Amino acid sequence: MKHVLITGANGYIGQALARAALNRLAANEIQSLTLTDLAFEDQRYHQVPGVRCISGDLSDKTVLETVLTPAPDTVFHLASVTSRLAEENFALGLRVNIDGTIGLFEHLRQQGQCPVVVYASSIGVFGTPLPEQVSDDTPVAPTLSYGTQKRMVELLLADYSRLGFLDGRSVRLPTVVARPLTAETALSSFASSLIHALAAGSPYDCPIGPQGWMWLLSLPACVRHLLMAATIETARLPAGRVWSLPAQRLQVADLVQAAKSRYGLGADAGLRFQSNPQFEQQFAQWPPLTTSIATQLGMYHDGDVTTLIEQALVS
């Protein structure tokens, strides 16, 4: 990685990835860093030599040309409308998640540099109901617009890679925790809210019951895997250029018990269960997960539920 671009750099994962990239810039491991999003909350990036912060919509050709000049050799494509908005506003999800991505890929193709493109896909591509076991070979059948759009981009990136235009890697993210309490833009954000509430012993109405199963990965582990994905030799990549990141399969009850052990018996004092049928069906019935490709590539989850919670709450 020499010239790195991060789209969606002001988002939850994007901000953490940008901080990690800044550390690599300071260590001279990369030469330049371009960050782009609709706007930036953290203005310090603008003051760092070697960093460009470009605010604007990637569907604007002028913004896109500015972002891609000079041409990057490594792109982390995180910019997207998340699950809640994609479901509530179909046209917006289509414009951002599909049209904006096609515009980005096309401009990169026309530059003729074949950059590495790491795309943040989602386990939402699997849809529901799920089989008894999920692996990298499980057929996908998304049941939300967000998952459908993610799968469309996976296929598109694989085709651009097949033709030698891009060197794509689509990684399917599980529920990444813990989002800030003010950032419930994803339907799965309830898992982050639950962890924050348990750590603080504060009131929370959980939309799934204690026996609900989730796939969880901490934000630091997610960032580590994204960076790793960019440096994997092309010959080691799976044929479809897509794989699921490792995650712990945990029940809500597991999080509660770990929080009580870590923060005291009163951690769940404010917790109430108010089961939401939609959430139960879409986010509480995740079966055992096998991520053989990730394992072969040296990627692992947080290890245990206590470590997951501690890592999830690292600011």
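**Helix packing and sheet organisation in the predicted model**

Helix H6 (residues 190-200) packs against helix H8 (residues 252-263) at an angle of about 30 degrees, and their axes lie 9 Å apart. Axes are lines fitted to C-alpha atoms, for helices over the stretch in contact, and angles run from 0 to 180 degrees between N-to-C directions. Helices (H or I, at least four residues) and strands (E, at least two) are DSSP runs numbered from the N terminus. H6 and H8 are therefore roughly parallel to each other; angles under 35 degrees count as roughly parallel, over 145 as roughly antiparallel, 65 to 115 as roughly perpendicular and the rest as oblique. The crossing of H6 and H8 is right-handed, a crossing being right-handed if the near helix is turned clockwise from the far one by less than a right angle and left-handed if anticlockwise.

The structure is a predicted model, in which local features need pLDDT of at least 70 and side-chain atom pairs count only at pLDDT 80 or more, whereas totals for chains, interfaces and linings use all residues. Residues are numbered from 1 along each chain as its sequence is written, and side-chain values use heavy atoms, with hydrogens and water left out.

On the H6 side, Leu194, Ile195, Leu198 and Ala199 meet Val252, Leu255, Val256, Ala259 and Tyr263 of H8, contact meaning heavy atoms within 4.5 Å. The residues of this contact comprise 9 nonpolar, no polar and no charged; Ala, Val, Leu, Ile, Met, Phe, Trp, Tyr, Cys and Pro count as nonpolar, Asp, Glu, Lys and Arg as charged, and the others, Gly among them, as polar. H6 also lies across E7 and E9, running at about 30 degrees to E7.

Strands E7 and E9 belong to an open sheet of 3 strands with the order E7-E9-E11 and mixed pairing, two strands being paired if DSSP finds at least two bridges between them. Its edge strands are E7 (175-177) and E11 (248-251), each of which pairs on one side only. Neighbouring strands of this sheet are turned by 50 degrees against each other on average, direction ignored. E7 and E9 run parallel and are joined by 3 bridges, with valine 176 having leucine 217 in E9 as its bridge partner. By contrast, E9 (residues 213-218) and E11 run antiparallel and are joined by 4 bridges. Tryptophan 213 stands opposite glutamine 251 in E11, and leucine 216 opposite glutamine 248. Of the 6 residues of E9, 5 are buried, so this strand is largely enclosed by the rest of the structure; buried means under 20% relative accessible area, exposed over 50% and partly exposed in between (1.4 Å probe, protein chains only).

A further open sheet is formed by 7 strands in the order E3-E2-E1-E4-E5-E6-E10, with parallel pairing. E3 (51-55) and E10 (242-244) stand at the edges with a single partner strand each, so one side of each is left without a neighbour in the sheet. Here neighbouring strands are turned by 15 degrees against each other on average, direction ignored. Helix H1 (residues 12-26) packs on this sheet, touching E1 (3-7), E2 (32-37), E3, E4 (74-77) and E6, and its direction makes about 165 degrees with that of E2. Helix H7 (residues 219-231) lies across E4, E5 (116-122), E6 and E10, running at about 160 degrees to E6.

Strand E6 (residues 167-173) is joined to E10 by 3 bridges, and the two run parallel; arginine 172 stands opposite serine 244 in E10. Serine 170 is also located in E6 and, at 1% relative accessibility, counts as buried. Not counting residues up to four places away in sequence, serine 170 touches Tyr119, Glu154, Leu157, Arg241, Val242 and Trp243.
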